[in-house]
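Hi,

Here's the structure I promised to pass on.

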Amino acid sequence: MISTGAKKQIDAWIAKYPKDRQSSAVMQALKIVQAENGNRLNADTIQAVADYLNMPGIAAQEVATFYENYNHKKVGKYVIRFCHNISCMLNGADDLIAHLENKLGVKTDEVTSDGLISVKKVECLGACVGAPMFQINDDYFENLTIDKIDKIVDNLK
Amino acid sequence: MNEVCFKNLTKDQCYSLKTYEASGGYSVWRKILKGQLTPEHIIDELKVSGLRGRGGAGFPTGLKWSFMPRHSDGQKYVVCNSDEGEPGTCKDRDILRFNPHAVIEGMAIGGFVMNASVGYNYIRGEFMAPFYRFEDALKEAYEAGLLGQNINNSSVNFDLYTHLGAGAYICGEETALLESIEGKKGQPRFKPPFPANVGLFGKSTTINNTESFASVPEIINRGGQWFADVGVENSGGCKLFSVSGHVKNPANFEVPMGTPFKDLLKMAGGMRDGAQLKAVIPGGSSTPVLTAEVAMSMTMDYDGIEKAGSMLGAGSVIIMDESTCMVAVLTRLAHFYYDESCGQCTPCREGTGWLYRVLKRIIDGNGKQGDIDLLLGVQDKIMGNTICALGDAAAMPVESFLRNFRKEFEYYIKHGKSMVKG
């Protein structure tokens, strides 16, 4: 369920915390396991993380459902997380989100039919002076325009 | 401008250890390792400097550090709060990306002063580029022998680690942040006990904002009095202001406390497309909104902004021009707090939902007579009735938007459309 590579990554996080505090690594462990399993979590993968960290399944479940970065439904290989909070909104984010939805033929929280891209509307990503902006997987893209969005999205393969 | 956290901003590889050391970086830390500085001296300098917590609460940093029971037994911790996520705020991201060593040195100094041999920097989960940049800087610092055990053959120990968040605004609240490091849901703790007594893993802990830590080395280097003199009374030093919204050149500016708002607006290129200023949120989405008239005569310091009727917060200045529909802005903010409430306290969990749903029905053209009173009633019932400040943060914008722009809300309810957008 958890690969050797993933265990190695999780162990590096466990090493940061005091002895017997390995459950501190649960947030990263869930992210690592999520990345290995089609970018989403389910009851089995969450339990596997809990077992690996020697913590109750429900405690890992609580973390997995409290924080926003975990996916419990199908998402694309690329998740476009579009900020729609105040600074981005003032700079036209709503129109750009509509453009992106039209371009991809999906609504927010849906996945393109080829499984490549899904779009999420998210709260402030902390890049307000670069508004409007979105995040694709780990990367930020700022000062977006329709042209810029088209170029970025067309390059996703 | 740009004298402390942004000191090296324009230099080549401003984030590298080489650049940081070339401009005096780690000289305070090296003095500490040589036994030339005492914790008492550093706390005194910080008190003189007038440095107040840059995360939003504005609590004096020197005083906070003096609360730690440094002579008590047991492990103690310093924690840096880089869980930046208040709408309008994006300064800590730039500090992590462009001056990570100042954060490391500031945390190490804090560790020494408070006798805490371990530190954690909690970085929000979305900040992957800043996270990698900070990790690289940590590696540089360890390789240069600046961190670890018996550093440079001294008796000083300091190990520093990163912890990554996973998407929760509430983890910026310091006790929620501690819960999160412990691998739990980020729900704030009831206080007292305060973290200085019972903090991370049950041990004495002090939490400071990224900008606060990053300011410490320069303050100790140049003296508390120098920093105090840069600012104004009650607001020492300079501060990063994130200016976003309808301005020509949105950016982060590190300017002296007490800088007139109108000068800051000018630095950001002024209003875009020659539009008129309508409203300003001066300190991040939680702080009360101000009208243009009030904002234009305000100075950017704790007392100046308070006098204008708002708060300095994290220095997140959101500029709105005349085309802005205040009903739409407040609805979006209400959605934010509804989304981010941790669900622990009933007034906040239920109240933020009520605020959002009532505003949503107004913006959908289904507002009812009495909705304004309903909104005011709900925000009043949240205010002061929750464990942490998120409840107040959700309530304050509602009261100030309705007070300053009530006509727009009345119009929307009556006509089912925006007074501004038509």
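Below is what I found, starting with some housekeeping.

It's a predicted model, where local features need pLDDT of at least 70, side-chain atom pairs count only at pLDDT 80 or more, and totals for chains, interfaces and linings use all residues. Residues are numbered from 1 along each chain as its sequence is written, chains are lettered from A and ligands numbered from 1 in the order written, and side-chain values use heavy atoms, with hydrogens and water left out.

Chain A first. Its secondary structure comes to seven helices and four strands (DSSP runs, numbered from the N terminus: helices are H or I with at least four residues, strands E with at least two). From the N terminus the order is α-α-α-α-β-α-α-β-β-β-α. Of the 157 residues in chain A, 55% are buried (under 20% relative accessible area with a 1.4 Å probe, protein chains only; exposed is over 50%, partly exposed in between).

Now chain B. In helix H18 (residues 406-415), the buried residues are Glu408(B), Phe409(B), Tyr412(B) and Ile413(B). They sit on the same side of H18(B), because they cover an arc of only 130° around the axis (taken from the directions from the helix axis to the C-beta atoms). The face turned away from that buried side carries exposed Lys407(B) and Lys414(B). Just after H18(B), Gly416(B) has a positive phi of about 70°.

Ala141(B) lies in helix H7 (residues 128-143) of chain B and counts as buried, at 0% relative accessibility.

Cheers
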